[in-house]
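Dear colleague,

I am passing on the structure below, together with notes on what turned up when it was examined. Please read the notes with the structure open beside them.

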Amino acid sequence: MPAEPPPASKDSRPSRLLGIETSCDETAAAVVEDGRRIVSNVVASQVGVHAKYGGVFPEAASRMHIEAILPVVQEALAQAHVGLEGIDAIAVTRGPGLAGSLVVGLNCAKGLALARGLPLIGINHLEAHLYSIWLVEDEPEPAFPMMGLIVSGGHTELVLMRDHLIYQRLGGTLDDAAGEAFDKVARLLGLAYPGGPAIQQEARQGNPQAYRFPRAWLEGTWDFSFSGLKTAVLREVRALQPEVRAGIEPPAAGLPTSDLAASFQAAVVEVLVEKTVAAAEAFEARTILMAGGVSANEALRERLAARSPVVTRVPPLSLCTDNAAMTAAAGHVRFLAGQRDALDIDVLPSWPLAS
Ligand code: KG4
Ligand code: ZN
C-alpha cells in the first residue's frame with residue numbers, strides 16, 4: 001500500500017465516505033468529508049445490556065447489531081442529508097474484534113456496496129482509533145513520526161506511525177487491556193460498568209498514594225501487563241474485608257473505594273504515560289497520539305500532557321470510544337491510496353496493525 005499523504009479531493013466537491021463500525025458493542029455509522037469533517041456520527045450503544053454481565057456478552061452483542069445496523073446507517077445518511085448516491089465509498093471495520101459483531105457490519109457494507117456499485121474498503125479498528133485525531137478539524141494535521149498509544153477495552157498497543165498507513169507495532173499488553181483492567185477492578189470495588197468512568201469518578205475523591213500497587217515495567221520491552229495490578233487490588237480488598245467474596249458480590253460498606261480507585265488509576269496511568277514518553281524519545285517522535293476508550297481518562301490525559309516532550313494529540317471524549325467517523329477517516333486515506341476490497345473479504349477478528 002503506497003503511503004501518500006491525503007491531498008485535497010480533486011473533484012469540486014469533497015470526497016464523502018460512509019463509515020460502518022460494529023467491532024464490539026457499539027453499532028455505529030457516520031458520514032465524513034475529506035477524512036476530516038464529520039457530517040454525521042451515529043452510535044447506538046449496547047452498554048446498558050452488557051452492564052449486567054460486567055463485560056461484553058458476545059452473543060447478545062451480535063444480535064443487537066443485527067437489529068440496529070440498518071436504522072443506524074439510515075440515520076447517519078439522514079442526518080448528513082445525503083443518499084447513497086452522494087457517497088464515494090464505504091469504509092467498514094474488518095477487525096480486530098468480536099467475529100459475530102464484525103460480520104454484521106461487514107455484511108451490511110458489502111450489501112450496500114454491491115447494490116450501489118460503491119467501493120468497499122476494509123479498515124483495521126486500531127488504525128481507525130489513530131485516525132480519530134484527524135477528525136479534530138480546527139487543529140493542524142499532526143506531524144510524523146508519531147508515537148501512538150491505543151488504549152481501549154480490548155487493546156493496549158504502542159505503535160510507531162512513520163507516515164500515513166505506515167506502522168510499526170512496538171508492543172502491547174501481554175494479558176488484560178487497560179480498559180479491561182478498569183472494568184474488572186470496578187467490579188471488584190462494586191462500581192458500575194463500564195468501569196473506566198466509574199473509577200475516574202471515585203478517584204477524584206481518593207488519595208492516589210494511599211496504596212502502593214505494583215507497576216509492571218517489563219524493562220527492555222514496549223509491552224504492558226495489568227493482570228498483576230488487578231490481582232493486587234483484589235488482595236487488598238480481601239485483606240480489608242475477608243468475609244466478602246470480592247468480584248462476586250458488592251463489597252460491604254466502609255471499603256475505602258475512593259483511595260483504592262485512585263491508587264489503581266495512578267498505577268495504570270504512570271505505566272502507560274512513562275512507557276509512551278520513553279518510546280517517543282527513543283524513536284524521535286514529533287507527536288504523541290493517544291486514542292481509544294481509556295484515553296477519555298482525565299488523569300491519563302493530564303499526566304501525558306505534563307510529561308510529554310512533544311505535542312500530544314488526544315481526540316475529544318466523543319471520539320475516544322468506538323465510532324464510525326474514525327473508520328471513515330481512515331477509509332478516506334486508504335481510498336485516496338487506491339485501496340478497493342473485493343466483496344468476498346472476510347472479517348479478521350485477530351488482526352495486528354501493520355503496514
Ligand atoms: O474504545 P472503546 O469504546 O471500546 C473498545 O474498543 O474496547 O473502549 C471502552 C473501554 C472500556 O473498558 C471503558 O471502561 C474504558 O474504555 N473507558 C475508560 C474511561 N472511559 C471509558 N477508562 C478509563 N477512564 C475513562 N474515563
Ligand atoms: Zn475501540
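Predicted model: local features only at pLDDT ≥ 70, side-chain atom pairs only at ≥ 80, totals over all residues.

**A strand and its neighbours**

Residues are numbered from 1 along each chain as its sequence is written, chains are lettered from A and ligands numbered from 1 in the order in which they are written, and side-chain values use heavy atoms, with hydrogens and water left out.

Strand β9, residues 287-291, runs parallel to β10 (residues 311-313), and 3 bridges join the two; strands are taken to pair if DSSP finds at least two bridges between them. Strand β6, residues 146-151, is also parallel to β9 and is joined to it by 5 bridges, with Met147 having Ile288 as its bridge partner in β9. In a regular strand the side chains alternate between the two faces of the sheet. In β9, Thr287, Leu289 and Ala291 point one way and Ile288 and Met290 the other, and all are buried, where buried means under 20% relative accessible area, exposed over 50% and partly exposed in between, with a 1.4 Å probe and protein chains only. Together with helix α9 (residues 298-307), β9 and β10 make a right-handed β-α-β unit, a crossover being right-handed if, with the strands pointing away from the viewer, the path from the first strand over the helix to the second runs clockwise.

**Pockets and a cavity**

The search used a 1 Å grid over the protein atoms alone: a cavity is a set of points where a 1.4 Å probe fits but cannot get out, a pocket is an open set with protein on both sides within 12 Å along at least five of seven lines, and lining residues have an atom within 4 Å of a point. Grid points are joined across faces, edges and corners, and a volume is the space filled by probe spheres set on the points.

The largest pocket has a volume of about 1,100 Å³ and is lined by 42 residues, of which Cys24, Ser152, Gly153, Gly154 and Asp183 lie nearest its centre. Its lining draws at least three residues from each of domain 1 (16-135 + 320-336) and domain 2 (146-314), with bounds that come from an automatic or database domain assignment. Helix α5 provides the largest share of this lining, 6 residues. By class the lining of the largest pocket has 16 nonpolar, 18 polar and 8 charged residues, where Ala, Val, Leu, Ile, Met, Phe, Trp, Tyr, Cys and Pro count as nonpolar, Asp, Glu, Lys and Arg as charged, and the others, Gly among them, as polar.

The second largest pocket, with a volume of about 260 Å³, is lined by 17 residues, and Pro208, Gln209, Ala262, Gln265 and Ala266 lie nearest its centre. Helix α8 gives the most to this lining, with 5 residues, and the lining divides into 7 nonpolar, 4 polar and 6 charged residues.

The whole structure has 1 cavity of 30 Å³ or more. Its lining consists of Pro214, Arg215, Ala216, Ser225, Phe226, Leu229, Ala267 and Val271, which divide into 6 nonpolar, 1 polar and 1 charged.

**Backbone points to check**

Most residues other than glycine have a negative phi, and most peptide bonds are trans. Against that background, a cis peptide bond joins Phe144 and Pro145, with omega about -5°, and Pro145 is placed in the loop between α4 and β6. The bond from Tyr193 to Pro194 is likewise cis, with omega near -5°, and Pro194 is in the loop between α5 and α6.

Asp34, in the loop between β2 (26-33) and β3 (37-45), has a positive phi near 50° and is partly exposed at 28% relative accessibility. His81, in the loop between α2 and β4 (89-95), has a positive phi near 55° and is exposed, with a relative accessible area of 75%.

With best regards

Conventions
Helix = DSSP H or I, 4+ residues; strand = E, 2+ residues; numbered from the N terminus.
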